[in-house]
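Take a look at the sequence and the structure below.

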Amino acid sequence: MPNYEYLKEIEEYGRKNKIPILLDESLEYIEIILKEKKPKRILEIGTAIGFSALCFSKYLAEGGRIDTIEIESLRVEQAEANIEKVGVQDKIRVMEGDALDILPYLNEKYDIVFIDAAKGKYNEFFEHAIRLTKSGSIIIADNVLYKGYVLSDYNKHKQRTAVNKLRSFIDMVLNHPDLDARLVEIGDGLIVAEVK
Ligand SMILES: C[S@@+](CC[C@H](N)C(=O)[O-])C[C@H]1O[C@@H](n2cnc3c(N)ncnc32)[C@H](O)[C@@H]1O
């Protein structure tokens, strides 16, 4: 039996150690989608210490599974330890590496794809997300407003490239002919796109 009581401790560890785990209000919004959808298959890009994947695993349909990708080996280790602690090893598989190297090898169709990794690569992640989903699937991307920079006239320093990339990403998704997409201005900004 999973022991979700550990989630609080994992969340506290993440916040204390400045690991960028999902904000509470974004999590609540996504949980509403998951509760309704009861997904069988979820793909996550950006595991960190496994917090969001563990939260999502509560809403999987019977026999459902999550594949989650993380580039940093220390975080993969921490995520695997947390998954074991909660007791959901049969529900979550962590894949170690750059998502752009791993995604081309995935071929199944997911009900939910959650993009939560390198902001500069969202366009590339999204192309894979489209390929790996089907009609009715939902693609969610977090941090698309990048602390508010994306909707402001902010245009300086080292974040400029990431901000411009996110702006063109949002534009592409909201105008994509195969998606019903919306920009949700909560937390750090979510894109929620349903495949038509
Ligand atoms: C925002 S955190 C993920 C938080 C996690 N989804 C949660 O809410 O608990 C982003 C993670 O993506 C990882 N990452 C960044 N670029 C990546 C890439 N190209 N492929 C896989 N993981 C990547 C980072 O190491 C980091 O741990």
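**The ligand and its surroundings**

The shell around the ligand is made up of 11 nonpolar, 4 polar and 7 charged residues. This is a predicted model. In total, 22 residues surround the ligand, and the closest of them are Leu-22, Gly-46, Ser-52, Glu-70 and Asp-116.

Two of these names come back when individual atoms are considered. Leu-22 has a backbone N or O atom 2.8 Å from an oxygen atom of the ligand. In Glu-70 the side chain takes part: one of its N or O atoms is 2.6 Å from an oxygen atom of the ligand. A nitrogen atom of the ligand lies 3.2 Å from a backbone N or O atom of Ile-71.

How much of the ligand does the protein cover? On its own, the ligand has 610 Å² of accessible area, and the protein covers 92% of this. The place where the ligand sits is the largest pocket. Helix H3 (51–57) and strand E2 (65–70) are the elements that contribute two or more residues to the shell around the ligand.

Aromatic rings are the next topic. The whole structure contains 4 aromatic pairs. One of them is formed by Phe-56 and Phe-114, with 5.3 Å from centre to centre. The planes of these two rings are 80 degrees apart, which makes the pair edge-to-face. Phe-56 belongs to helix H3 and Phe-114 to strand E4 (residues 110–115).

Key:
Residues are numbered from 1 along each chain as its sequence is written. This is a predicted model: local features need pLDDT of at least 70, side-chain atom pairs count only at pLDDT 80 or more; totals for chains, interfaces and linings use all residues. Side-chain values use heavy atoms; hydrogens and water are left out. A residue is near a molecule or strand if one of its heavy atoms lies within 4 Å of it. A polar contact is a pair of N or O atoms within 3.5 Å; within protein, one must be able to donate a hydrogen and the other to accept it, and residues adjacent in sequence count only if both atoms are side-chain atoms. Accessible areas come from the Shrake-Rupley method with a 1.4 Å probe; for residues, only the protein chains shown count as cover. On a 1 Å grid over the protein atoms alone, a cavity is a set of points where a 1.4 Å probe fits but cannot get out, and a pocket is an open set with protein on both sides within 12 Å along at least five of seven lines; lining residues have an atom within 4 Å of a point. A molecule sits in a cavity or pocket if more than half of its atoms lie within 2 Å of its grid points. Helices (H or I, at least four residues) and strands (E, at least two) are DSSP runs, numbered from the N terminus. Ala, Val, Leu, Ile, Met, Phe, Trp, Tyr, Cys and Pro count as nonpolar, Asp, Glu, Lys and Arg as charged, and the others, Gly among them, as polar. Rings of Phe, Tyr and Trp (its six-membered ring) pair if their centres lie within 6.5 Å; planes under 30 degrees apart count as stacked, over 60 as edge-to-face and the rest as tilted.
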